[in-house]
Amino acid sequence: MAIEMMNQNSFNDNILEVHNLKKYYPLSKISLGKRAFVKAVDDVSFSIKKGTTMGLVGESGCGKTTVGRTILRLHDVTAGKVIFDGEDLATIPPRKLRKMRPQMQMIFQDPYSSLSPRLPIGEIIGEAVKEHKLVPKSQYRSYILKVMHDCGLQPQYFYRYPHEFSGGQRQRISIARAVALNPRFIICDEPLSALDVSIQAQIINLMKDLQEQYGYTYLFISHDLSVVEYLSDTIGVMYLGSMMEIGDKKKVFANPMHPYTKALLSAVPKSNPDEKMDRIILEGDIPSPVNPPSGCKFRTRCQYAMPVCAEKTPILKEYEDGHKTACHLYSQD
């Protein structure tokens, strides 16, 4: 795979910048003359440096997957900017977006439903390569076999179909399909959730090896904080469509600032079975994204909630270098 390693001088540049991203889904029911919206992503901002991995975590339904799909314009952007390599993906015309598609790829959660059952593996991996004419026809087969080799797939799998493979092998096929286009940025939408623990370790190591070899940038969406801690450089914590905390992995795990982040980290299993878990149990259910609480969205489940939490939405503010949180427990001035 002909990809040159990135120049060290460009490593500090952001490959992706998301500014005030919103994705609202309109409901058919109209109340009091107004149309209601599901606020799946509500004013989310973050950036990712080239060659690094950002982990995006949170409870089911918090909007993690919608963020990933909206960034790639699989869903239209309601508001905000998505700057990729200097271009705003939210507003560029479809023809120009199509030319940029090979640079941005996605690995989906379910490796079986995301693969066509009617195509052999070689065609699945190489379909987009043909469409975008990345290699000459004479080099097509050798190129696909090289991609398969990089992803741990044997050459005899070229003519086999998805139903002939295990879940771990199918996920390798999904990864091979994504990297075959020589992307610069890959969104990984919970790629390990359907796999056994032993297979998860193999896929994690594969993704790390590919990143070291080719300089990929990942947005890794997951609910498994142990995996995110191992794989990521920075971490973003989402709740009900909003970013609660974001920062360097070591700082977030060593000093979680938001009560929601503390609750999530308290549920991570300890490596030492004799070590006591100081679990924080969140009371109540997640509010509806159609009608979220005023002010801080987490206040209805927060043990530290104050009157100001209902009156004013906290801003995402930096309290130490590279570590931001949105909480009224800290100065918002």
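Modeller: What follows goes from the whole chain to its sheet and then to one helix.

Modeller: This is a predicted model, where local features need pLDDT of at least 70, side-chain atom pairs count only at pLDDT 80 or more, and totals for chains, interfaces and linings use all residues. Residues are numbered from 1 along each chain as its sequence is written, and side-chain values use heavy atoms, with hydrogens and water left out.

Colleague: How many helices and strands does the protein chain have?

Modeller: The protein chain has ten helices and twelve strands; these are DSSP runs numbered from the N terminus, with helices being H or I of at least four residues and strands being E of at least two.

Colleague: And what is the radius of gyration of the protein chain?

Modeller: It is 21 Å, which agrees with the value near 20 Å that a compact globule of 333 residues would have; the radius is taken over C-alpha atoms, and the globule rule is 2.2 Å times the number of residues to the power 0.38.

Colleague: OK, now the sheet. What order do the strands come in?

Modeller: Eight strands form an open sheet with mixed pairing, in the order E6-E7-E8-E3-E9-E10-E12-E11, where two strands pair if DSSP finds at least two bridges between them. Strand E6 (104–107) and strand E11 (317–320) are the edge strands, each pairing on one side only.

Colleague: In which sense do E10 and E12 pair?

Modeller: Strand E10 (residues 242–248) and strand E12 (residues 323–325) pair in the antiparallel sense, over three bridges, and glycine 247 stands opposite histidine 323 in E12.

Colleague: Which strands does helix H5 touch?

Modeller: Helix H5 (residues 167–179) packs on the sheet and touches E6 and strand E7 (185–189), contact meaning heavy atoms within 4.5 Å. The direction of H5 makes about 175° with that of E6; axes are lines fitted to C-alpha atoms, for helices over the stretch in contact, and angles run from 0 to 180 degrees between N-to-C directions.

Colleague: Switching to H4, which of its residues are buried?

Modeller: In helix H4 (residues 140–150) they are Tyr140, Tyr143, Ile144, Val147, Met148 and Asp150, where buried means under 20% relative accessible area, with a 1.4 Å probe and protein chains only. They lie on the same side of H4 because they cover an arc of only 165° around the axis, the arc being that of the directions from the helix axis to the C-beta atoms.

Colleague: What do those buried residues pack against?

Modeller: The buried residues of H4 pack against helix H3 (121–131), H5 and helix H6 (197–214). Just after H4, glycine 152 takes a positive phi of about 80°.

Definitions and conventions
Buried means under 20% relative accessible area, exposed over 50%, partly exposed in between (1.4 Å probe, protein chains only).
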